[in-house]
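Subject: Structure handover

Hello,

Here is the structure you will be taking over. My notes on it follow below.

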Amino acid sequence: MELLIFILLLLILLIISNVIAHYISFIPIALIQIGIGLVAAILLSQHTFEIESEWFLLLFIAPLLYHDGAHFPREQLWRMRFPILGNAIVLVLLTTIIGGLFVHWLIPSIPLAAAFALMAILSPTDPVAVDGIASRVQIPERIMNLVRGESLINDASGLIGFKYGVAAIVTGYFSLKTASLDFLYTFIVGVVIGLLGALALFIVRMHFRRIGIVDPTFYVLLQILTPFILYFVSEEVFHASGVMAVVTGGIIAAILREKGENMIAQEQIVTDHMWTILTFVLNGVIFLLLGLLLPSATSDILANNDMKNTVLVGYVLAIGVVVLAIRFCWMVGVGWFEKRFLQRSEEMGMKEHVITTLVGVRGTITMVGIISLPFLTVTGETFPHRQLLIFLAAGVILFTLILATIMLPLLNEKQVTQQLDLTAEKQKMIRAAMQAVQREARDDNATAAIALMRQYQTMQLSLERKQSEKTLQSRKQEMVKVRMIGLQLEEHYAKVYTEHNPCSEAVVKEIHYVLKQRKDHLKHSAFALLKRRARQFIHEWQLNKQEDEVITHIETVRKHMTNYVINAIIDHVQHAPDLEPELAQRIELYYRQLQYAATDVDADEREEQKEYLSLVAIEAQRQMVNMMYKKGEITTESAKELRRFVNNLETVILLDGQD
């Protein structure tokens, strides 16, 4: 039960983090999720959170790396194979050795092997942590491909280096020859298992198809299970690299799917949706867990009086700077080598080297690895400076993430300037709305869909004629004013009608229901829509309990009263001296259209269809705004302006549809 509650808590925190990220989008969502996890851990301080690195790697890292391997652009992976392998293997080795020597020099009480283990686990990069920044500041694609490519492999090399550093401390023995051979074994066998495993599962899929199993859900489940199978077999059966197995398996599975199998459309759609949901949840939960682990992982060392907190922070900053300095020097050296000896045309300047350095943020692999440090050695002694090592690793993770958050937007010269004319963006949003309506159009709602499409076409024509936002805002205010005056008159003449025509309690309730529904039509929030639907459901349920004679009487009185109220309002506005002529004309036109609609038995149904399609179209426009903002095509102010445009357009479309 506790596990179920914990999982539900994580999912709730995940939703909260995405809502917060929507409003403070200049902060990467990974950092927000770490912060939320940290706050949750503090509030739930009476509970402890422990994670075993083995099941964490299996449950989280395996499917994510499999997905990344399957979706990484293979042309880029092959073209950049040497820089990627250099960063994933040689740079990890350099960071481990040079960084380990520095840590041992900085803190002599940390044994050299423990320092090497710390720097080895600090070597893997985490591109997910920086994706939010990367999409906002338009980091060059070549740099992001390099970082994403190296992250497919450096997880394995970093974990192997960490394992041998820890083993040297625990057992007191280290053999360079054994470590080198084991490194080659885990890499090569992991790749082979990924290759053969992907081929075997492909053959199994084809066999199931031949014997007549065509359920798309079955094959989607098989695809979801694939990375877990590959990782488990590689790690537990062959003691090889599960990371390399799932990365290789993802790449091979994608190739086989493209070259040897035509996936049916339904299966493709379900598969894409499943992986989208799975990666969204896993990526978010990873950083929430990181935040939840921070207090318990660092509280002991912070409470220790033997070392001042300011000194600890100084150690974190020094190690973080050295980690990034090693990466920067490596990138500069590789750039010089490529220019000098390989005659590469794609030369990277100093700014690109700095950006590549900052994008190398540390993240989940580092945290999961460091908290797996054993408590005791084989001799029964406590592992030296375990809490200090955990604190330093956690601090460097936060340091690299915060530094990237601050510096990358400042360094990138492609920041989008404030856009004063958003006509093109608005037209793109209206096209998205029309496409959404087209996707939802069917035979039974074709009339409502066509009417809505015409409204959007009219709005698009207005934009092409450069009509200003003020025009739309003015039209919205005018329409709301017409409806408010009309509703006041409806209430007045409905009261007059009931005073002159004695009505039963059921009829009075029906009149009150109609007036409430019409009032709520002026509100277009999700809550108002939900309230209106709930009221309609309750009303229909209560009405169905009435006898047929009562229902017939209610309908007769309702039609008679509606006709009376409409005629009274039209007569009122025609002879009202206090109303502006244009406003009076608008009110009269609106109620004459209602009078015509009252004779149409399908009017209510079409109105509901129109409202539903309008909400679908509005949601498509909001998604378009978010997509343009995440891609860096518009600024924060432009996004706010476009959201205001959507809100105004929503009111105009819905009210105009009822006019």
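A salt bridge here is a side-chain nitrogen of Lys or Arg within 4 Å of a carboxyl oxygen of Asp or Glu. This is a predicted model, in which local features need pLDDT of at least 70 and side-chain atom pairs count only at pLDDT 80 or more, while totals for chains, interfaces and linings use all residues. Residues are numbered from 1 along each chain as its sequence is written, and side-chain values use heavy atoms, with hydrogens and water left out.

Salt bridges

By the rule above there are two salt bridges. One joins the side chains of Arg 327 and Glu 150, at 2.7 Å from N to O.

Lys 163 counts as partly exposed because its relative accessibility is 43%, whereas Asp 182, at 18%, counts as buried.

Helix α8

Of the 31 residues of α8, 24 are buried, so the helix is largely enclosed by the rest of the structure. A kink of about 40° is centred on Ile 153; the bend at a residue is the angle between axes fitted to the seven residues ending there and the seven starting there. Just after α8, Gly 172 has a positive phi of about 75°.

Aromatic pairs

The structure has five aromatic pairs, meaning rings of Phe, Tyr and Trp (its six-membered ring) with centres within 6.5 Å; planes under 30 degrees apart count as stacked, over 60 as edge-to-face and the rest as tilted. In one of them, Phe 208 and Phe 218, the ring centres are 5.2 Å apart and the planes lie at 80°, so the pair is edge-to-face. Phe 208 is in helix α9 and Phe 218 in helix α10 (residues 216-237), so the pair ties together parts 10 residues apart in sequence. Phe 208 is partly exposed, at 22% relative accessible area, and Phe 218 is partly exposed at 30%. Phe 208, Phe 218 and Tyr 219 form one aromatic cluster.

Regards

Conventions:
Buried < 20%, exposed > 50% of the residue type's maximum accessible area, 1.4 Å probe, protein only. Helix = DSSP H or I, 4+ residues; strand = E, 2+ residues; numbered from the N terminus.
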